[in-house]
Amino acid sequence: MKKGRIFYGWYIVAAGFLVMFCSIGIVNNCSGLYIKPVCDDMGFSRGAMGGNMTILSACQMIVALFGGKIFVRFDVRNIMRISSIALAVSYFSYSFVQSLPMYYALSVVLGFAMGGIAAMPLSILIGNWFRERRGFAIGVAFMGSGIGGMLFNALAGQLITTVGWRQTYRVLGIIAFCILVPVCWLVVRTRPSDLGLLPYGQEKESGNAASFDDRGMTVQEVVHTGRFWALCLVTALGNISLCALNQNVTPHLSDEGYSLQTAANISAVMLGGLACGKMFLGWLYDKLGARRATLLANCCTVLGVTGAFFCRFPVMIAAIVVGFSLGNAFGSVANPIIVQSIYGRKNYSAILGLVTACNNLAGVFTPVMIGSVYDYFGSYSPAFAAMMFISSCCTVGYFILLGKRVEYD
């Protein structure tokens, strides 16, 4: 890297920011706004509507599960290019659904597109481009989902109220196309060597980039350790609380007496806090290490779901916002950092794929479970009470599992 020139890896980070801004920011972080209007208009139960998010998560889990082979065999940039088009078109097409099967069919396409463009491929890209400041780079890129969610929640909440949910899908789908397609086709590059560069910080290391990538454990070694599967279990359980909070806080607040617009505004503030939380958490991982940063983030998850349970008291809205900011940031920022810091880069994409698949597994079951709890009790409160217990157990689990560093050659 020549002095005075901006390292191209930072353009990759900016591209990652925009990808998260339009993918997670629209598809995941705005999903809660559609639950009540779509169910009221189409006659779906909330459990059936939750099945939509289950399909999205299941498809992303499949991509992650086979990610070790997919992202090694095929160029990450080409996968992201195809996924950018598929994501925008399928999201736009939600506006034409006339039945639940049509909704689900589009979710299959959208889910695979999300798996091919968002968290896992971006983690691989940034891992390729950065040896130093990796946590900060991931945090900055992934904060795009929070800022996107904040802006698109406010926009979607207003549009649903004024022009309806179908037109809202169309507007957001067009925005996604206009941003994602140019970024993925014109800016993204898979690795520094594509431009004749070295990864950021590589000059300060002994050896070359290949020797760095050869350090670590193989996936065959990792899967034969009980500690790895315990880590996957805690990851899956922890994401249950994050999914419950992220996907259901808007309808929950509305049910508890807040107007839909107020609930959408609170959700927008939460996602703004999440954006800052992702960058801050990435910095914390660089400064504090995996164990202490993970402990702090999971304590915030406990705070967030506790605030949701007691949300009838206005002061607890602050607990939701603060808890969501770092707690939900953990769900996307932490896994690639933890995997690479513990197990190295030898089989990084394959190991990250397994952990990400377990993370997505929670997203498969959580929407249906939470929706079914609502259908049975007429309230989300029992679900949030359970999340308080689960997230507390996960905090203890991470503290134990990250206490000892894995040694490898």
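Helices here are DSSP runs of at least four residues, numbered from the N terminus. The model is predicted.

**Ring pairs**

The structure holds 27 aromatic pairs. Tyr 103 and Tyr 169 make one of them, in an edge-to-face arrangement. Tyr 103 belongs to helix H7 (residues 100-115), while Tyr 169 belongs to helix H10 (residues 165-186). The pair therefore ties together parts that are 66 residues apart in sequence. Tyr 103 is buried, and Tyr 169 is buried too.

Phe 280 and Trp 283 form another pair, and this one is stacked. Both residues lie in helix H14 (residues 260-288). They are three residues apart there, so about one helical turn separates them.

| Pair | Arrangement | Centre to centre | Between the planes |
|---|---|---|---|
| Tyr 103 and Tyr 169 | edge-to-face | 6.5 Å | 70° |
| Phe 280 and Trp 283 | stacked | 5.9 Å | 15° |

**A cluster of rings**

One cluster links Phe 7, Tyr 8, Trp 10, Tyr 11, Trp 129, Phe 130, Phe 136 and Tyr 200.

**Charges over rings**

Which ring lies under the charged end of Arg 291? It is the ring of Phe 399, with the charged end 3.8 Å from the ring centre.

Notes:
Residues numbered from 1 in each chain as written. Predicted model: local features only at pLDDT ≥ 70, side-chain atom pairs only at ≥ 80, totals over all residues. Heavy atoms only, no water. Phe/Tyr/Trp six-rings, centres within 6.5 Å; stacked < 30°, edge-to-face > 60°. Helix = DSSP H or I, 4+ residues; strand = E, 2+ residues; numbered from the N terminus. Buried < 20%, exposed > 50% of the residue type's maximum accessible area, 1.4 Å probe, protein only. Lys NZ or Arg CZ within 6 Å of the ring centre and 35° of its normal.
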